[in-house]
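I would like to walk through one model, moving from the overall picture to a few local details.

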Amino acid sequence: MHDIVKEAANFINLDTMTILYLFGVGFVGGLVSGFIGSGGAFVLTPAMMSLGVPALVAVASNMCHKFPKALIGAMKRAKYGQVDVKLGIVLGISAEAGVLFGAQIQENIKKAYGDAGSNLYVSVAFVVILAVVGGFVMMDALKTYRAGTQHEEEKTSKLALWVQSIQIPGTMVYFKSMNAKISVLFTIPLGFATGILAATIAVGGFIGVPSMIYVMGVPSMMASATELVIAFVMGLGGSFKYAMHGLVDIRLAMIILCGSLFGIQLGAMGTTYVKPFVIKLVMGVIMMIVLVSRGLMIPVYLSQLSLITPLADPTMKALKNVSFAIMGIALVTGAGIVLHAMWKGRREERLSLASAKEGLIHG
Amino acid sequence: MGSSTANKKKPYIKALLFGVVSVAIYAVLLTRQEDINANFARGGAYALLPIATAFLFSIVHGNFTGLFWSVMGIEASKKKGGH
């Protein structure tokens, strides 16, 4: 606990520029979260660290902004009938257990291989998961777009239909988002995996949302909204744990929250203007760009572990900066697609309202 | 925004009220930083302080941001549940 006390005493000084920077990153992160249910943490934590915030304080403060943000986002999207609270709570609680397990794995790796080993593990996990899951989500969104079926209702995947067909007595629970009963023996491991991932790469939604869509058969609009309930449950538990060790810098958390609540309201409203495949598209695009960003860091950690010919310091610094910049680009690109889709949807709605009115006048 | 939105009365007073309270709590947070840091990061049972603060800010500022976009004329799609 000595280190923790030392870290807590290291809370940074806040000047106007820092406040505006955190507000801005919070806003963009909130916008994306409101739309796809997660996102932002992968930029927010390094963004705080770039200001001199110790890693643990950055993770803790990010978590403490995440749960109130997710609460507001979930409440907003519940108004549009997009949230399955029961599923969110079941997955959220199992994810919490996954977080504890994931944190233990992290700790063991850190003990055995040091900081570089732990960073390498995180980056490799990022790259593998994003390549597999992100690639699948992206391909599905593009397939829907190319087939011109984006106006049709989403089809439940074969895997989800199979999962829903398995009847295990005593474990079946009805979820409104699937309009079906599903065994908790499926939901618990999926929630647990989400938690492990959240503890490892800080973005549980990158597996939570696709698993709800493709494994359980939840429509993407409801999956992205229900992810906010999971984020709330996990964020609340995690924040409490970190706060018990005095690691939360509430000023940082609340300043980011200030921007992110503006963003999350807008992102949540944005979902009502778009076709479900846009959710998958935004998620897929962000995952693909983050994949490149994390991939660039792998040689740095391999070099630090002396597993490859050591890289020169300027090269390592350049790779780190480019990697961070690409993560920022991922978030801004996601936000750009959200705003564009919302603007387009609003314009179409205005035009159809205007023509309906004209029809009434002339009819 | 559709014309129906423009015709609807915007929640100016409610937005102003939540806005004032939101500014006030942020002002307290930024002007009392030293006291807050000293007490909120003590750990143990003091963990309740940052958690309660996060809930307070989310309710006040969350309401304000929702009302802010309404006042700006940005609302959800009129079609039920979007598309």
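**Overall dimensions and fold**

Let me begin with chain A, where, for a chain of 363 residues, a compact globule would have a radius of gyration near 21 Å, and chain A has 21 Å, which agrees. Please keep in mind throughout that this is a predicted model. Along its principal axes, the C-alpha trace of chain A spans about 75 × 55 × 40 Å, and 54% of the 363 residues of this chain count as buried. The secondary structure of chain A amounts to twelve helices and two strands, and if you read along the sequence you will find the pattern α-α-α-α-α-α-β-β-α-α-α-α-α-α. As for the contacts in chain A with a separation of 6 or more, 82% of them are accounted for by residues 24 or more positions apart.

Turning to chain B, we have four helices and zero strands, in the order α-α-α-α along the sequence. Of the 83 residues of chain B, 27% count as buried, while among its contacts between residues at least 6 apart in sequence, 83% join residues at least 24 apart.

**The two strands of chain A**

The two strands of chain A run antiparallel, with four bridges joining strand S1, residues 172-175, to strand S2, residues 180-183. Phe175(A) stands opposite Ala180(A), which belongs to S2(A). Four residues lie between the strands of this hairpin, and there Asn179(A) takes a positive phi near 55 degrees.

**One residue in a helix of chain A**

Elsewhere in chain A, Lys241(A) lies in helix H9, which covers residues 220-244. The C-alpha atoms of Lys241(A) and Thr194(A), which are 47 residues apart along the chain, are separated by 18 Å.

**Helix H2 of chain B**

Which residues of H2(B) are buried? They are Ala15(B), Phe18(B) and Ser22(B), and, seen down the axis of H2(B), the buried residues fall within an arc of 75 degrees, so they line one face of the helix. The buried residues of H2(B) pack against H4 of chain B, whereas the face turned away from the buried side carries exposed residues, among them Tyr12(B), Ile13(B), Val20(B) and Thr31(B).

**Where the chains meet**

Finally, between the two chains, 32 residues of chain B are in contact with 37 residues of chain A. On the side of chain B that touches chain A, helix H2 (12-31), helix H3 (33-40) and helix H4 (48-71) of chain B each supply at least two residues, and H4(B) gives the most, with twelve residues. By residue type, that side of chain B divides into 14 nonpolar, 15 polar and three charged residues.

Key
Residues numbered from 1 in each chain as written. Chains lettered and ligands numbered in written order. Predicted model: local features only at pLDDT ≥ 70, side-chain atom pairs only at ≥ 80, totals over all residues. Contact = placed C-beta atoms within 7 Å. Nonpolar A, V, L, I, M, F, W, Y, C, P; charged D, E, K, R; others polar. Rg over C-alpha atoms; globule rule 2.2 N^0.38 Å. Buried ≥ 20, exposed ≤ 12 C-beta atoms within 10 Å, placed from the backbone. Arc of directions from axis to C-beta. Pairing = 2+ DSSP bridges.
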